[in-house]
Amino acid sequence: MESVNILLAGLPATGKSTYITALWAIEKDGKSGHLLSCDGLPSESSYIDGMRDNWMVLKEVRRTSFAEPQEILLPMKNRRTDTKIDLTLPDFKGEVFLKILDNVVSEDISKWCDKTFGVLFMLNLGGCSPEMLQEQVSNTVRPRVELEKVVMTTDDITPAIKNVLLLKYLFNKIGDCPIAICFSQWDIVDCDDGINIDEWVRENHPCVYNFVTEHFSNYRYYGVSAQGADYRKLNEQQSDELAAKTTQKKRAYVYSSDKKSFDITEPIDFIISKINED
């Protein structure tokens, strides 16, 4: 059985834990028919079982609070190749990745960068189009009164630049590896099938788009809705409908190229598909 390590990376509150939880909840019984599904149970699953309980009843998955990453090992079967793999994903606190921007790199992050085959990179929808960049620049221009020493922290950096700096660190540490770039909370995007996600990223996240295009040769963009909806905005009927979709395994979904898919293993499968090409 082949072992595959994939680094799940992203700043705080970008949906990393929720994605892992949805993956486990949907694929646990091995009957999804998706590209990847569980082929047996891991030896330890109490951590993700606890999060799964919340996900199943439409409660928000708690954010990771452990100082050290929770490594989640899932025995999986690849339907496309009919092979079995041991997939390991780490659930890091987003703050661990944020500290990298201040040149504080944990030993666990370094070790994972050394052993990972690819990266599942999560980020929020909040775009940074050229118009928004211009507005940010305009709002920060102030008359210069006197010379003074400027001290910048990560609080002074826009989310767009933070994501690029984190991508830069990962590229420098890992190299040109397969990377799936996932925009969480895709359910709030007002679009139907047919939107070109590459164009969407280019228009809404130009900094990320330009960096990825220039540095990575194997990449793919995905919209991800691990919850299926914003729980806070659901009425009773909508909650019942979402619960029914949970049973049908048609609640969480991904969007890639120009279509929606209920197979949320697609980003992981994309990375794994590059193993034999390496």
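Two strands are said to pair if DSSP finds at least two bridges between them. With that in mind, look at this predicted model: nine strands make up an open sheet, ordered E2-E3-E4-E1-E5-E6-E7-E8-E9, with mixed pairing. At the edges are strand E2 (36-38) and strand E9 (259-261), each of which pairs on one side only. From one strand to the next, the twist averages 30°.

Now pick out strand E7 (residues 219-225) and strand E8 (residues 253-256), which pair in the antiparallel sense over three bridges. Here Gly-223 stands opposite Tyr-255 in E8. Helix H8 (residues 206-215) packs on the sheet, where it touches E5, strand E6 (179-184) and E7, and its direction makes about 145° with that of E7. Another helix to find is H1 (residues 16-27), which lies across several strands, including strand E1 (2-10), and runs at about 150° to E4.

Next come the aromatic rings. Phe-92 and Phe-97 form an edge-to-face pair, 5.6 Å centre to centre with 75° between the planes. Phe-92 counts as buried at 2% relative accessibility, and Phe-97 counts as buried at 0%.

What about Tyr-209 and Tyr-221? Their ring centres are 6.3 Å apart and their planes are at 20°, so this pair is stacked. Because Tyr-209 lies in helix H8 and Tyr-221 in strand E7, the pair ties together parts that are 12 residues apart in sequence. Both tyrosines also belong to one aromatic cluster, whose members include Trp-186, Trp-200 and Tyr-255.

Finally, look for charges over rings: the charged end of Lys-260 sits over the ring of Tyr-253, 4.2 Å from its centre.

Terms used: Residues numbered from 1 in each chain as written. Predicted model: local features only at pLDDT ≥ 70, side-chain atom pairs only at ≥ 80, totals over all residues. Heavy atoms only, no water. Helix = DSSP H or I, 4+ residues; strand = E, 2+ residues; numbered from the N terminus. Axes fitted to C-alpha atoms, helices over the stretch in contact; angles between N-to-C directions. Contact = heavy atoms within 4.5 Å. Phe/Tyr/Trp six-rings, centres within 6.5 Å; stacked < 30°, edge-to-face > 60°. Buried < 20%, exposed > 50% of the residue type's maximum accessible area, 1.4 Å probe, protein only. Lys NZ or Arg CZ within 6 Å of the ring centre and 35° of its normal.
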